[in-house]
Amino acid sequence: MTRSAQTGSAEKRGSGQRLAAQNKGSSGGKKAGRGSSKAGILSMTGYGYAERRQAGLCVQVEVRCVNHRFLDISMKLPRLYGSFESDLKKLISEEITRGRVDVYVGRVVDSRPAGRRDTKSNSAKQFGRVQLDQVLFDELCEAQTRALEASPHCAGLSPQQLISLKAELVKDVLRRQDVSLTVEQLVDQEGEQKILIETLRAALAKVREMQRAEGLALSQDLQLRISHLVSMRARILARSKVVHDNLRSKLLERVRKLSPEVVLDEARVASEVVLLADRADITEELVRLNSHLTQFAETLESEPSGKRFDFLLQEIHREFNTIGSKAQDSEMQGVMIESKVEIEKLREQVQNIA
């Protein structure tokens, strides 16, 4: 009788808390609506691609996100962008908190853009990936050739030797950095970094869009499964009252089967019933279970977090296990099996929440 009263009292407190939470939610509905985009569940699975073109340059960024316990960022960058890696990882970590993130960056350059190095004259010419200052090259070659011809050290050289020597001088001129530059040496590092960051932001925005879409489906599935667990808890509560009321009759039935001729002491029987009821009492477990289920539902609506869901599911599983170990009823044991199936499905889904 006392246990039933305690259970009923706990139920009233739980109902009162839920009612208060509903009233609070309805009064702050407008405020919650404005922040719904931030509070919604985000899946860890996402994909985004973006590219930017400017002055013969095309920067391509592809981002792939999958499940992972922590944030793990892997980047494949062109050699020229190696110094940008730390800045790019910082930007990604500001947008994504959990998951395995693979980033692929491509850089495509048109081999025909106008020379960007020489801004004072039009002497620069582009040859594939090399830019040559034609005027400076001609001047240096002419000066070295004249110096070679005027040098007394070359008076005894054959024409073939002079040709070979001039060829070596031309090679030396081409090696000068003020005469010829590769496309890599002409890169505007600061300008390309800005383009790369803009492209990465655009790709991350598409990742977020996909994560929100999948998160919405996840949220609906989690709400459905939590409602199943709430229903199971209600079934356990209702059945526990019946089991409690039947304890005396079951005890008497067992004693009569073992020793039909024994005269029973009603006081002793009442004492044993009390002990059995205390051992099988699940009031505390049901109260804690109600709290965990309520917190799970509230977290879905306020600040979804995969790690918080993991913790709550561990506690929910623990309470159901404790109830199952105390339950001396086949119907309640059947509910325990159903609850474990639902909890396992919830765990699988929670693993995909950022």
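Buried here means under 20% relative accessible area, exposed means over 50%, and partly exposed is whatever falls in between (1.4 Å probe, protein chains only). With that cut-off, Cys65 is buried at a relative accessible area of 3%. Cys141 also counts as buried, at 16%.

A word on the model itself. This is a predicted model, where local features need pLDDT of at least 70, side-chain atom pairs count only at pLDDT 80 or more, and totals for chains, interfaces and linings use all residues. Residues are numbered from 1 along each chain as its sequence is written, and side-chain values use heavy atoms, with hydrogens and water left out.

Ala55 sits in the loop between β1 (46-54) and β2 (57-66); strands (E, at least two residues) and helices (H or I, at least four) are DSSP runs, numbered from the N terminus. Its C-alpha lies 9.0 Å from that of Val109, although 54 residues separate the pair in sequence.

| Residue | Relative accessible area | Class |
|---|---|---|
| Ala55 | 67% | exposed |
| Cys65 | 3% | buried |
| Cys141 | 16% | buried |

Now for confidence: pLDDT is the predictor's confidence in each residue, from 0 to 100. The protein chain averages 76, with 69% of its residues at 70 or more. Where pLDDT is low, the predicted coordinates should not be read in detail.
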